[in-house]
Amino acid sequence: MAQIAAEEIGAKFEDFWVDLPDTDLSPVDLYGANATRITYVAGNAVKEAAADVKAQILSRAAAKWERRPST
């Protein structure tokens, strides 16, 4: 997940921290947390969230320096 976020934002993946799941807090998963499914579902959610964060950062920086945001 860190690698997906870093790639989307354009940063080093070592600068990201991923919290490990806690089975005491997570709901029961009746279908199993299979690697491919988790990568597809969570990976796409992380990618979308990272793209949104990048857009917000660029937008705010552009406003501060009175420039057009670029991707």
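Some ground rules. Residues are numbered from 1 along each chain as its sequence is written, and side-chain values use heavy atoms, with hydrogens and water left out. The model is predicted, so local features need pLDDT of at least 70 and side-chain atom pairs count only at pLDDT 80 or more, while totals for chains, interfaces and linings use all residues.

The overall picture. Helices are DSSP runs of H or I, at least four residues; strands are runs of E, at least two; both are numbered from the N terminus. The chain has 71 residues, and 8% of them count as buried. Buried means under 20% relative accessible area, exposed means over 50%, and partly exposed is in between, with a 1.4 Å probe and protein chains only. The chain exposes about 6,400 Å². Carbon and sulfur atoms supply 57% of that area. Areas come from the Shrake-Rupley method with a 1.4 Å probe; for residues, only the protein chains shown count as cover.

Now contacts, meaning heavy atoms within 4.5 Å. Take those between residues at least 6 apart in sequence: 47% join residues at least 24 apart.

On to helix 2, residues 35-64. How far apart are its end C-alpha atoms? They are 42 Å apart. The 30 residues should span 44 Å at 1.5 Å a residue, so the two values agree. That expected span is 1.5 Å times one less than the number of residues. Gly-43, Ala-50 and Ala-62 are buried in helix 2. The buried residues of this helix pack against helix 1, residues 2-9.

Ile-38 also sits in helix 2. Its relative accessibility is 37%, so Ile-38 counts as partly exposed. With Met-1 and Val-18, Ile-38 forms a nonpolar surface patch of about 220 Å² accessible area together. Patch residues have over 30% relative accessible area and no salt bridge; nonpolar side chains (Val, Leu, Ile, Met, Phe, Trp, Tyr) are joined within 5 Å, like charges within 9 Å. A salt bridge is a Lys or Arg side-chain nitrogen within 4 Å of an Asp or Glu carboxyl oxygen.

Next, the loop between the helices. Gly-10 lies there. At 66% relative accessible area, Gly-10 is exposed. Gly-10 and Ala-51 are 41 residues apart along the chain, yet their C-alpha atoms are separated by 10.0 Å.

Last stop: Glu-66, in the segment after helix 2. Glu-66 is not a glycine, but its phi is positive, about 50°. Is Glu-66 buried or exposed? Exposed, at 72% relative accessible area.
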